[in-house]
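Subject: Structure handover

Hello,

Here is the structure we spoke about, with the sequence alongside. My notes on it follow below.

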Amino acid sequence: MANLADFKYTMESCNHCGQCKWILPARMKGWDFASVCPLHEFHGFDAYSGQGLIQIAKERLDGKLEYGDGIETLLYACPACGACDINCKSVRDMEVLDTIYALREDCVEAGYLPEPLRRTAANVEETHNIYGKPHSERFAWLPPDFRDDPEADTALFVGCSAYRYPDIALAAIRILRAGGVKFKLLREDEWCCGAPLWRTGQREAAEKLIRRNVDTFRRHGIQTVITACAECFGSFRGGYPRYADTEGLEFKHITQVAAELLSRGQLRLREGDEPLRVTYHDPCMLGRLSEKYVPWDGEIRPYGLHVPEKVWRRGEHGVYEEPREILRALEGVELCEMTRNLEEALCCGAAARDVDPEFAAWTAAERRREAKAAGAQAIVSCCPFCRDALGSDGENALPYLDLTVLLAERLKEEA
Amino acid sequence: MALSAQAYRELAAIVGERYISSKQHILAGNRVRTPEIPFDYHSADAILLPGSTEEVAAIVKVCNKYGICFVPFISGTLPDAYANRAGTVLIHLKRMNRILEINEEDRYAVVEPGVRHVQLYPEVRKRGLSYTAASVGPGGSVLANFTSTSGDHHTQYGSSRSNRYLLAVEMVTPEGEIIRTGSLQGGCGWFCPDGPGPSLRSIIKGYFGSHGQLGIITKAAVALDACKGPAEIRTEGVSPHHRVYFDSDLSRVYVFNYDNIQNVCQAMLALGEAEVCSTVQKYFYLPLTLLMSDSANDFWKKWTSGYKEAMSMPLVVHIAAQSVRDREYEEKILFDVVRETGGKRLPEELENWWTEHMDYFMVVSRLQSVLRLGGGWMPIKLGADSVQHICDVGESIEEYIYEFTETGKIFDAPENYQIIPMEYGHFAHIELLFMWDRTNPAAMKGVGEFRARSREEDLRRHFHAEDVGCLNPTLLQLGPLYSNCHIWMQKIKESFDPNNVANPML
Amino acid sequence: MLYPENTRQLEAIIQKARETKTPLVAVSSRGPHLHGASENPNAETVDFSRMNRIIKIDRRSRYVRVEPGVTFDMLIPEVRAAGMRLNIPFLPRAGKSVVASALEREAVLIPKYQYDYTDPLLTVEAVFGTGDAFRTGSAAGPGTPAETRADMVVPWGPGCIDYLRFFSGAQGTMGFVTWATLKTEVLPALTKLYFVQAESAEKLTRLASILLKRRIPDECVILSRADFAGAFAVSAEEEEKLLKALEPWTMICRVSGFDRYPEERVSIYEGYLKDECAQAGLEAVTELGGLPGLAEKVEAMLGECDRRETYWKMRRGGVRQIDMLAPPSRAPRLIEILENLRCPGDFGITVQPQVQGRAFRIECSVYFSGAPEEAGQVDKALEDAARELYEAGAYFDRPYGSLSKLAYAADPVSTEAMRKLKKIFDPDNILNPGKLCF
């Protein structure tokens, strides 16, 4: 049963202040790049925004709206990037993104999950990856002589994107090896992290898969899971605790590990590279949406008092600095910042691609335009889906570099 | 009366199919009740997004042809931005979002309605200029602020209310004609709102704007002041704990607590006569504590552990000096005045919040955190007159508010009013902000009672604590007491909007 | 001539005029009248000279409330006795109505205190052409002035209409004002007067704009040599001497210190003034070389009205004026056009910075004998100049006489909107008909 009613408080709290649509004043730089909600910027109507979606949710809860006339398209065109959520939470105690998730669950229950997302879910169910490729080929890119450490309590979770971008997985391996980190791969036991399920409201399927994955980690004696995929990382931290007990499991992104290795001198970098001016794009699921989810089941008393006290995810403790530390450590690389960075980063639009490809393409082009305006010769990020979106040939084309791959290429010979 | 298919077609022909919708889920984005309102809004029949003045004029003409009411809006923060009856279309002006000109020499900017504070403010600041950005948060429309809402802001002590800074405008009348005011009417550009002779500026905005009842403003020029502070904003940290600092040699904030509004009044007048300080405001302690809080729970901890008492009557002062010597001079006078009037400086950790959040003094950011206690809030009074008179109004509140705070009808913050002087103390504005538990449906009754009582008490005392507003029911209640202005406003409305289609509220 | 003594009488006058369809024009100043406001041969004149009470001077809230018959020579000393000063035009004539001056949006001498073009006018009580009394801004209510506890000083509203702006610049075409509230400012404890001279007005307008952006000077006005000499000389000989000694343009400005540490403020602000002058390649001096005693005279006259028997602008016998508003970017070009004016007599130009330096009121006064044939020539010259000035962007916001044709030509739709309002407040068109666009 969808838990839309759990978010009634949020739905009834919105004062239309507009914080969900616009950059926080502390970050304002000018007329351009001032909007943080690409959905609202592109489509224009207020319904296309965090505020609009929670009000659609309210009308669904009150039985005033039916699916079938376009809500589902709007609902899944929203990339669920969390900009609205974080900006709202800078001043309010509301759960905008969770309300959107709950609305998605409601939509799935009503039988209106859009077809492309149904297909992806079917792929995950049948082949344990989002592409529908044979599960047996998940690690086909591994060199035949690769050996991991079966006794390690750290796993490298490569993610479904290894099918498309094995270079990222290989680069992650190189980095861990060079830094002397003992790890193992889960191989056939590694299934999709479940992001395409829980983020699209497919609660039942998500719960089943996530619990299965957590059991798998435990069964393998894993205490730390490292991934180079921002989506997987954000799911482990922001999604998994909703469905399973992840006590004792620590999740890290490769950039966190690499930054620590660099600071301890355990990674040595090559010198003498060509100068390159880059900007770093903060992936939503690595940045503002990667704080650990802490379940809360309590009472909201008058004047907003949450009993027991709630741990809020306001985006402050996302992974922002470590990727930048890595870039600053690379000789010849000059880092310039976009206006919308850190917790205000504009989403790349990838998550909207299946349902609203025109909007998704526009968003990616906008982000590239912003990167160029910052003076960047290339855009760097560490999410394979951002790579799909930003590295595409659309308008404002700009070279895209994956940070994990870039770092691996700059390593001196491994230890 | 629902929109006829023919009317819809004609409207769609103006803006294009992409920019009109009557789908229910689209309309839902602009009709769900906001927490401070006791009733559901009407649903609009359609929402349109025009892209130019010409499109707006054409839409208005179609509305007149078919008797369709229209309501212009941008951010939709106020109740006046919603349909209040069937047969209404919402004209969402967000696509008209160009900054047409920033004239550094003549010190004005020309904007379309969709330009927001977070867009214009940094652009003018880069040029060493600033303007009076009202306290509506980053998404507030500059044009709407200057022309429709009150346009009060927290830094108007050393400047003034937005009324003073509104220059020439272009407006589409309720019949779809395009008129211009001031120097623009005279063919001489944007710099002057007045003339030729008596001014059409008179129907653009009085104390408040008309929220589209006398027309839709499609371009406006706003005057710019010198910027006191850095051109580039230096931000540290990440939301919600980011910090914005200014150079402390020239820019400092002080917070003093008082126990008596008349002493605050003395202080305000004395500082104003000395023409020192950039911001002086008797702030309100509930928002002050909320601004400093990370969550409602954090607020409750602070509120019940001494913040309420420590900041019961805070005077917030910001000095933005042109030189170190100037700052020292202003500080000397400030401390003299505070000492003479019995103010006590707050502990550093409480004062530091302001020092670390200098963006407050630019676009008054984060003020939406006053909504953190659930969103049931209402600012009342909102009138202005001399500093003394307004402080007298403030002083009288304690004579009737306890009846409501002690019975739990409204939040227990009896001194929660703010007074902001303008033009170095020539006048001041008052806002009594009260909150209630909006999760309790019965609370709205108490809200209505308190609001009525506040008005009743002010009228009984012959206080000018409130203005009559635009052409809404309050006008009919108060108009007879205010030089029968309701009669004149209705005559003007009838003359300019004979078909009564422009956001009718009566 | 009709001489109302209170609002009730005025209401009755207007009601009667409506019934008899008698046009009315208002006069409140003692002569001479420089803009011909009373020239309407078919009209009955309503002379407000008997409504000359100073109703209130409030030191605490810094305002005065006066009836229209109160003139500058009456009010200035009273305000000074209360420790305050008015923000008034440069050397206005003594018999000028203070209310009329403010309603006409005459340029004021202390631009830093002027936040918009209606400033220092705050609120008014007036009677519309319908015969109904009305009070603007926070004077509107609640209740009558006798009942309300407000000081009635906020200009805006009531409601969504700025009624004050129906009377401002209107030449009595919407209603007749029966009292007005004006801002006053604290009298400085210490002032220091400076002169800045230049070959071109442009250097001084640029300087003034910068100084006022930083709110440095209090009084600030720019005078051509002719107007400076004409204003401050006591005789034709002295005027001649000044004309020889002065540079083409002079800015007069003053920095002030108030009750608390006045010397320090003066020191800081004169430092800013000198810095800005230096950056502009100019010099601020406290004396004008070779003209002993002049600084003291200017000091005494700044902020005062002209109490001399002959108003300084009438020293030749007659005067015709043209004035306009211009933003800083356009002012130099307009001044240049005026400098090349060809007309009988001589002329002076006063450039008064306005609204904290965001505009200038440029006033050109042609001084001639007063003879009718010369008057005709002067009028023609100014009419020709007006066209050139308009093409160059001059804004005639107070379109007296034939200027109204130019002022209203650009936008007939907006002009028609103005006429709609006139119909509401003066449905029988009895108030100064034929003026402006009405």
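Two strands are said to pair if DSSP finds at least two bridges between them. Helices (H or I, at least four residues) and strands (E, at least two) are DSSP runs, numbered from the N terminus.

This is a predicted model, in which local features need pLDDT of at least 70, side-chain atom pairs count only at pLDDT 80 or more, and totals for chains, interfaces and linings use all residues. Residues are numbered from 1 along each chain as its sequence is written, while chains are lettered from A and ligands numbered from 1 in the order in which they are written.

Confidence

The predictor gives the complex an ipTM of 0.96 and a pTM of 0.97. Where pLDDT is low, the predicted coordinates should not be read in detail.

Chain A overall

Chain A holds 17 helices and ten strands. Its C-alpha trace spans about 65 × 50 × 40 Å along the principal axes.

Of the 415 residues of chain A, 58% count as buried. A residue is buried if 20 or more other C-beta atoms lie within 10 Å of its own, exposed if 12 or fewer, and partly exposed in between, with C-beta atoms placed from the backbone. Two residues are in contact if their C-beta atoms, placed from the backbone, lie within 7 Å. Among contacts in chain A between residues at least 6 apart in sequence, 78% join residues at least 24 apart.

Two sheets in chain A

One open sheet has four strands in the order 8-5-9-10, with parallel pairing. Strand 8 (333–336) and strand 10 (400–402) are the edge strands of this sheet in chain A, and each pairs on one side only. From one strand to the next the twist averages 40°; axes are lines fitted to C-alpha atoms, for helices over the stretch in contact, and angles run from 0 to 180 degrees between N-to-C directions.

The pairings inside this sheet are as follows:

- Strand 5 (residues 276–280) of chain A is joined to strand 8 of chain A by four bridges, and A:L276 stands opposite A:V333.
- Strand 5 of chain A is joined to strand 9 (residues 378–381) of chain A by three bridges, with A:I379 as the bridge partner of A:T279.
- Strand 9 and strand 10 of chain A pair over three bridges, and A:S381 stands opposite A:D402.

Another open sheet of chain A has four strands in the order 2-1-3-4, and the pairing is parallel. Strand 2 (184–185) and strand 4 (250–253) of chain A each have a single partner strand, so one side of each is left without a neighbour in the sheet. Two bridges join strand 1 (residues 154–157) of chain A to strand 2 of chain A, where A:L156 has A:L185 as its bridge partner. Helix 11 (residues 230–238) of chain A packs on this sheet, touching strand 1, strand 3 (224–227) and strand 4 of chain A. The direction of helix 11 makes about 155° with that of strand 4 of chain A.

One loop residue

A:L113 sits in the loop between helix 6 (96–109) and helix 7 (115–127) of chain A. This residue counts as buried because 20 C-beta neighbours lie inside 10 Å. Leaving aside neighbours within four places in sequence, A:L113 is in contact with A:C107, A:V108, A:R118 and A:T200. A:L113 and A:Q202 are 89 residues apart in sequence but 8.7 Å apart in space, C-alpha to C-alpha.

Chain contacts

Between chains B and C, 77 residues of chain B are in contact with 73 residues of chain C. Helix 17 of chain B gives the largest share of the chain B side, seven residues. That side divides into 32 nonpolar, 25 polar and 20 charged residues. Here Ala, Val, Leu, Ile, Met, Phe, Trp, Tyr, Cys and Pro count as nonpolar, Asp, Glu, Lys and Arg as charged, and the others, Gly among them, as polar.

The contact between chains B and A takes 58 residues from chain B and 53 residues from chain A. Helix 4 of chain B gives the most to the side of chain B that touches chain A, with five residues. By class, that side has 22 nonpolar, 26 polar and ten charged residues.

Regards
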